[in-house]
Amino acid sequence: MNETYSVDLPDFVFEESEEKRVKSTITGRVISIVKCEGDYIDSNEEVVMIESMKMEVGYSAGVPGKIIKIFVHVGDLVTEGQELFEIE
C-alpha cells in the first residue's frame, strides 16, 4: 500500500539579517516548487516540497518576504542542512 503523509514542521528561526535562507531538515527528493524567484510570500506559504520515504514535507519561510533565490530544482536529491531558498 502506497501512502503519502504530510508533516508540519515548526517555524524556522533566523539570525538577525536582511537575507534569510531556509534549509532542508531531511534527506529526500524535491517533488515541487510552487513559487518563483521574485515572488512575495506570506509566512506560511509553502515554497518547496520534498518527499522522503513516502512522506511529503513542505517548506515555508516562517516569515513574510520576497524570494530572492531558489537553490534547488524539481527532481534534485537534497540532504539535511542543504539550502533550499533565500528570502529578504
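Q: Which backbone atom lies 3.5 Å from a polar atom of the side chain of Ser60?
A: The backbone oxygen of Ser43 lies at that distance, 3.5 Å, from a polar atom of the Ser60 side chain. Please keep in mind that this is a predicted model.

Q: Where does Ser60 lie, and is Ser60 buried or exposed?
A: Ser60 lies in strand β6, which covers residues 55–60. Ser60 counts as buried because its relative accessibility is 16%, and the cut-off for buried is under 20%.

Q: How does β6 pair with β5?
A: Strand β5, residues 46–52, pairs with β6 in the antiparallel sense, over 6 bridges. Within this pairing, Ile50 has Val57 in β6 as its bridge partner.

Q: What about the hairpin of β5 and β6, how many residues are between the strands?
A: There are 2 residues between the strands of that hairpin. Met53 lies in the loop between β5 and β6, and Lys54 has its place in that loop too.

Q: What is phi for Met53 and for Lys54?
A: Phi is near 55 degrees for Met53, a positive value in a residue other than glycine. For Lys54, phi is near 65 degrees, again a positive value in a residue other than glycine.

Q: Are they buried or exposed, Met53 and Lys54?
A: Met53 has a relative accessible area of 82%, so it is exposed. Lys54 has a relative accessibility of 39% and therefore counts as partly exposed.

Q: Back to Ile50, then. What is it in contact with, leaving aside neighbours within four places in sequence?
A: The contacts of Ile50 include Ile26, Val30 and Ile31, as well as Val57, Tyr59, Val78 and Leu84. Ile50 is also one of the residues with the most contacts inside the largest nonpolar core.

Q: Let us take Leu84. Where does it lie, and is it buried or exposed?
A: Leu84 lies in strand β9. Its relative accessibility is 0%, so Leu84 counts as buried.

Q: Which residues is Leu84 in contact with?
A: Leaving aside neighbours within four places in sequence, Leu84 is in contact with Val22, Lys23, Ser24, Ile50, Tyr59, Ile70, Phe71, Val72 and Val78. Val22 is 62 residues away from Leu84 along the chain, but the C-alpha atoms of the two are separated by 5.7 Å.

Q: How is β9 joined to β2?
A: Strand β9, residues 83–87, runs antiparallel to β2, and 4 bridges join them. Lys23 stands opposite Glu83 in β9.

Q: What is the strand order in the open sheet?
A: The open sheet has 4 strands in the order β2-β9-β7-β4, with antiparallel pairing. Its edge strands are β2 (20–23) and β4 (40–41), each of which pairs on one side only.

Q: Changing topic: what does β3 pair with?
A: Strand β3, residues 28–33, is joined to strand β8, residues 77–78, by 2 bridges, and these strands run antiparallel. There, Gly28 has Val78 as its bridge partner in β8. β3 also pairs with β5 in the antiparallel sense, over 4 bridges, and Ile33 stands opposite Val48 in β5.

Q: How many helices and strands does the protein have?
A: The protein has 0 helices and 9 strands. Of its 88 residues, 32% count as buried. Among contacts between residues at least 6 apart in sequence, 58% join residues at least 24 apart.

Q: And the confidence: what is the mean pLDDT, and where does pLDDT stay under 50?
A: The mean pLDDT is 85, and 78% of the residues reach 70 or more. Over residues 10–16 pLDDT stays under 50, and the model has 11 contacts beyond four places in sequence for that stretch. Where pLDDT is low, the predicted coordinates should not be read in detail.

Note on methods:
Residues are numbered from 1 along each chain as its sequence is written. This is a predicted model: local features need pLDDT of at least 70, side-chain atom pairs count only at pLDDT 80 or more; totals for chains, interfaces and linings use all residues. Side-chain values use heavy atoms; hydrogens and water are left out. Two strands pair if DSSP finds at least two bridges between them. Buried means under 20% relative accessible area, exposed over 50%, partly exposed in between (1.4 Å probe, protein chains only). Contact means heavy atoms within 4.5 Å. pLDDT is the predictor's confidence in each residue, from 0 to 100. A polar contact is a pair of N or O atoms within 3.5 Å; within protein, one must be able to donate a hydrogen and the other to accept it, and residues adjacent in sequence count only if both atoms are side-chain atoms. A nonpolar core is a set of buried Ala, Val, Leu, Ile, Met, Phe, Trp, Tyr and Cys residues joined through side-chain atoms within 4.5 Å.
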